[in-house]
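Thanks for coming, everyone. I'd like to walk you through a few spots in this protein, so let me put it up on the screen.

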Amino acid sequence: MPNADIMVELVDPEGTAVAVSEKLAAHQPPGALHRAFSVFLFSADGRMLLQRRAHDKYHSPGVWSNTCCGHPYPGEPPFLAATRRTVEELGAAPTLLAEAGTVTYDLPDPASGLVEKEYNHLFVGRLGAPLNPDPLEVAETTLATPESLAALVASSPFSVWFPTVLAAARPAIRRTFPDAGW
């Protein structure tokens, strides 16, 4: 189970901080709207870096998802949190990271019984140094083209939030990597 000391920032529908909560409590049904982030990093040739979450994670273990996702600490700017967690999970910082908007969703996860009720800050960027994933966070990684992503989605479980955050980030992905087919 997660460390009980990890706190998240609760927000109103406009993304203004209103309180703090323990992370697991914010994910218990019916869920509390809280700040999150999702990162999409790409190789120089426009392939998307996906990670399969470690099998021992308390939430969404062993499923595929975007490059990195998480929650800023209360008061931590989402951009800094996204960079921090990318380094912590994948062992490499992005060489480019740009804001790509926000998306709000309320998605139950039937597998865990938890709820993803998030005001999610999206970031798109370029992969930098070689990866050195933390095995407590990441089971494996892959670089996907749009075609190989479609095949992976058809054959493997993905995080409940992945389709929503990908759809919301897609305009920024297309602007940043216009020739990659996204």
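Predicted model: local features only at pLDDT ≥ 70, side-chain atom pairs only at ≥ 80, totals over all residues.

Residues are numbered from 1 along each chain as its sequence is written, and side-chain values use heavy atoms, with hydrogens and water left out.

Okay, first stop. Look at the loop between α1 (23-27) and β3, where you'll find Pro 30. Its bond to Pro 29 is a cis peptide, with omega about 10°.

Next, Ser 60, in the loop between β4 (48-53) and β5 (64-65). Ser 60 isn't a glycine, yet its phi is positive, near 55°. For background, most residues other than glycine have a negative phi, and most peptide bonds are trans. Ser 60 counts as buried because its relative accessibility is 6%; buried means under 20% relative accessible area, with a 1.4 Å probe and protein chains only.

Last one: Arg 35, in strand β3 (residues 34-42). Is Arg 35 buried or exposed? Buried, because it comes in at 8% relative accessibility. So what does its side chain make a polar contact with? The side chain of Glu 9, at 2.6 Å. There's also a 2.9 Å polar contact between the side chains of Arg 35 and His 121. By polar contact I mean N or O atoms within 3.5 Å; within protein, one must be able to donate a hydrogen and the other to accept it, and sequence-adjacent residues count only if both atoms are side-chain atoms.

Note on methods
Helix = DSSP H or I, 4+ residues; strand = E, 2+ residues; numbered from the N terminus. Buried < 20%, exposed > 50% of the residue type's maximum accessible area, 1.4 Å probe, protein only.
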